[in-house]
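Me: I have a model open and would like to learn how to read its features one by one. Could you walk me through it?

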Amino acid sequence: MQREYDHKSDPDILSVDGVREHLDTKLIGKKIIVLESIDSTNSYLKKAGFSGEESGTVVIAREQTSGKGRLGRKWKSNKDDSVIFSVILRPQLSLCEISAITLLSGLAVCVAVRDLCNIDCRIKWPNDIIVNNKKLSGMLTEMSTEPDGTVFTVTGIGINASQTAFESDIAHKATSLFMLTGKNIDKNRFLATILGYMEKYLTDNDCRLTEETVNEYTHLCATIGREVKFTRDNREVCGKAISVDRIGQLEVLMSDGRTEKVNSGEVTVQGIY
Ligand code: BTN
């Protein structure tokens, strides 16, 4: 059984009261749980989802012992050096619309970092947050279906915050808020700001992309206009990323003038890690 943790008034340590002090949302963060240590906030919240956890609940961890990344990778962090949390949502979306959650969460984090930390970050499609071609934040959205057919999603977000350096295997492609600004942020205020933007982008249109949010996303997306490589029919192909459509797919212009849509998996962007 995991112990819920409530640390008062230390801006460097995430706590329920600390986040609430800065939070002004109706749905996202209506319930907040802070755990001292957990395998993965996504796994925790997925389990809770099957026991009826409400839409908007946020689970924060000071430490993850088995953090999950996209494409089966691991997400590693040390205690209190990152902002690590997951949000459960119960949107009325069809399966092909689910990736909108990923893009809108990426947009929320990107705008929050720009707003609060004054950092010129961009989004690497679909949702890595990058600065000077190094990764600041990653996200993993998982979808589950309950026996009665109800669908819920868990979006987990990890943001490198107070790291002063990274291990040699990732040092060339990772960065942190501290490394970019030389300052330690107030993690509670930072997380509350992200949750505020998630509420704005995700709940306004039941997690769907709109013309306005696609434009906002495109404006901040570092992938657009670059040469990209991806796999199609077991072959590696390349083209130029030109836009994002209303369900979050990347539209790529191929050398023969055709447009291909890419909706998942790994896309390599020329010039970015
Ligand atoms: C990626 O870039 O590959 C995605 C990383 C996602 C990491 C976050 S940390 C909080 C949540 N819990 C997890 O186990 N993973 C996500």
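This is a predicted model: local features need pLDDT of at least 70, side-chain atom pairs count only at pLDDT 80 or more; totals for chains, interfaces and linings use all residues.

Me: Where is Leu71 found, and what is its phi?

Reply: The general idea first: most residues other than glycine have a negative phi, and most peptide bonds are trans. In this structure, Leu71 has a phi near 55°, a positive value in a residue other than glycine. Leu71 is found in the loop between strand 2 (58–61) and strand 3.

Me: What is the phi of Asp206, and is Asp206 buried or partly exposed?

Reply: Asp206, also a residue other than glycine, has a positive phi, near 45°. Asp206 lies in the loop between helix 5 (187–203) and helix 6 (211–220). With a relative accessible area of 29%, Asp206 is partly exposed.

Me: And the peptide bonds: is the one from Trp125 to Pro126 cis or trans?

Reply: That bond is cis, with omega near 0°. To find Pro126 on your screen, go to the loop between strand 4 (122–124) and strand 5 (128–131).

Me: Let us turn to the cysteines. How many disulfides does the structure hold?

Reply: To read this, check the distance between sulfur atoms: a disulfide needs a pair of cysteine sulfurs within 2.5 Å. The structure holds zero disulfides. For Cys221, the nearest cysteine sulfur is that of Cys110, 9.4 Å away.

Me: What is Leu195 in contact with, leaving aside its neighbours within four places in sequence?

Reply: Leaving those neighbours aside, Leu195 is in contact with Val19, Leu23, Thr25, Ile28, Val58, Phe85 and Val87.

Me: How do I read the pockets, and what is the volume of the largest pocket?

Reply: Rolling a probe the size of a water molecule over the atoms shows where empty space is left. Here, the largest pocket has a volume of about 1200 Å³. Its lining has 47 residues, and Lys74, Trp75, Lys76, Lys135 and Ile170 lie nearest its centre. Helix 2 (41–50), strand 3 (82–89), strand 6 (134–145) and strand 7 (151–160) each supply at least two residues of this lining. By class, the lining of the largest pocket has 14 nonpolar, 20 polar and 13 charged residues.

Me: Which residues lie nearest the centre of the second largest pocket?

Reply: Look for Arg70, Ser99, Thr102, Thr141 and Ser264, among the 22 residues that line the second largest pocket. Helix 3 and strand 6 are the elements that give two or more residues to this lining, and strand 6 gives the most, with five. About 350 Å³ of space lies in the second largest pocket. By class, its lining has nine nonpolar, 11 polar and two charged residues.

Methods
Residues are numbered from 1 along each chain as its sequence is written. Side-chain values use heavy atoms; hydrogens and water are left out. Contact means heavy atoms within 4.5 Å. On a 1 Å grid over the protein atoms alone, a cavity is a set of points where a 1.4 Å probe fits but cannot get out, and a pocket is an open set with protein on both sides within 12 Å along at least five of seven lines; lining residues have an atom within 4 Å of a point. Grid points are joined across faces, edges and corners, and a volume is the space filled by probe spheres set on the points. Helices (H or I, at least four residues) and strands (E, at least two) are DSSP runs, numbered from the N terminus. Ala, Val, Leu, Ile, Met, Phe, Trp, Tyr, Cys and Pro count as nonpolar, Asp, Glu, Lys and Arg as charged, and the others, Gly among them, as polar. Buried means under 20% relative accessible area, exposed over 50%, partly exposed in between (1.4 Å probe, protein chains only).
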